[in-house]
Amino acid sequence: MLAVNYRGPFRIRADKNLPYPEIEHPEDAIVKVLRSCICGSDLHLYHGLVPDTRVGTTFGHEFIGEVVETGSSVENLKVGDKVMVPFNIACGKCAFCKQELYGNCHEANPQSTAAGGIFGYSHTTGGYHGGQAEYVRVPYADVGPTVIPEWMDPDDAVLLTDVVPTGYQAAEMGGIQEGDTVVVFGAGPIGIMAAKSAWLFGAGRVIVIDKLDYRLEFVKEYAQCEVFNFQELEDPVVFIKQQTDSLGADVCIDAVGAEAAGNKVNSLMGRKLLLQGGSTTALHWAINSVKKGGIVSIVGVYGPVDALVPIGNVLNKGITIRANQASVKRLLPKMIEHVKNGVLDPKAIITHRIPLEEVAEGYHIFSSKLDNCIKPVLIPPAAGI
């Protein structure tokens, strides 16, 4: 089988000799992949920033496909169904799934006290192989996979497995009130969707901060927001205070995570020496530029180790922090409705369609921010669509 084979930091290859997945449990399904994506959080794996990312792992937590085999206990799916598969692996029965916290499922990753199960995202999230492959095993097949509506474009469908619900939940967790000023740190795909979604909750002003002009131009057009390059600002926190009558933003969203630029010490400790769970620069900016009593929403990924955070400012400013992996299953019905009604146009952020055989070049382009890449989609050779 053709699939991604991780060989170490900055070493990805398309391997034609990996074993086909098999049914391992009666609740499993085998899915033939029709689309998969390279996600910004895949780059954290690619760059060697996520602990216990083992050689031989197949990445890919954003994918859609066709069911080709089901376990004996699967009732909701049949062979031939085309499905979108949430990046969270959820049992549907544990205490957290019953609260619709599908990103926190305990059964899918019982040896962890923090992370739930995620496809293709290191052994800290269960060690499951992902969907940057021709075929993938999908556990708990009656829970996560959702049949793709006949009218839906597959390019829209694949983005509903992570990017769209994660950006939407980032805005949702911000508790945005009518007329609020919302600042999004990061103009990658998640930041773009968070900015777009902020308007759906009643934001009066949306500002996006990044350092790459092509991404800022993209989000400005796609999400109709204000954009600023932090490299052109003396101090992003002071700038945001100046933009908000010295009070600070009502809501700040960290859509960057472990690889945030902008502070040499943070980058050295979190990205080079790996002494903390990533560079926390964007999180510092969010905490320090939100207003007293404001809300900081975190969807940027950090490693599961300690990180330097200005917790004293959180306390003294009375800030509420909300953070989680997106609960894709909970949000999918609403996301499907928004796509059907034209409220959201996910496929518009896709800039590169790359054959799975050329995945190494795809990672290079996306990682190095070449060719104005916003979102790359991988196409397996036998996808047929």
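A crossing of two helices is right-handed if the near helix is turned clockwise from the far one by less than a right angle. The views below come from a predicted model.

**View 1. Helices H3 and H4 cross in a right-handed manner.** Helix H3 covers residues 163-173 and helix H4 covers residues 189-200. Their axes approach within 7 Å and cross at roughly 50 degrees; the two helices are therefore oblique to each other. From H3, the residues in contact are Val163, Val164, Thr166, Gly167, Tyr168, Ala170 and Ala171. They meet Pro189, Ile190, Met193, Ala194, Ser197, Ala198 and Leu200 of H4. By class, this contact comprises 11 nonpolar, three polar and no charged residues.

**View 2. Helix H6 passes helix H8 in a right-handed crossing.** The axes of H6 (residues 236-243) and H8 (residues 281-289) come within 9 Å, at a crossing angle of roughly 30 degrees. Because angles under 35 degrees count as roughly parallel, H6 is described as roughly parallel to H8. Pro236, Val237, Ile240 and Lys241 of H6 form the contact with Trp285, Asn288 and Ser289 of H8. Four of these contact residues are nonpolar, two are polar and one is charged.

**View 3. Residues 26-144 carry a domain annotation in UniProt.** The unreviewed entry names this span "Alcohol dehydrogenase-like N-terminal". In the model, the span is 6% helix and 24% strand, and its end C-alpha atoms are 15 Å apart.

**View 4. Residues 189-263 are annotated in UniProt as "Alcohol dehydrogenase-like C-terminal".** This annotation also comes from an unreviewed entry. The span is 41% helix and 21% strand, with 22 Å between its end C-alpha atoms.

How values were computed: Residues numbered from 1 in each chain as written. Predicted model: local features only at pLDDT ≥ 70, side-chain atom pairs only at ≥ 80, totals over all residues. Heavy atoms only, no water. UniProt positions renumbered as here; feature names shortened; annotations may be inferred. Helix = DSSP H or I, 4+ residues; strand = E, 2+ residues; numbered from the N terminus. Axes fitted to C-alpha atoms, helices over the stretch in contact; angles between N-to-C directions. Parallel < 35°, antiparallel > 145°, perpendicular 65-115°, else oblique. Contact = heavy atoms within 4.5 Å. Nonpolar A, V, L, I, M, F, W, Y, C, P; charged D, E, K, R; others polar.
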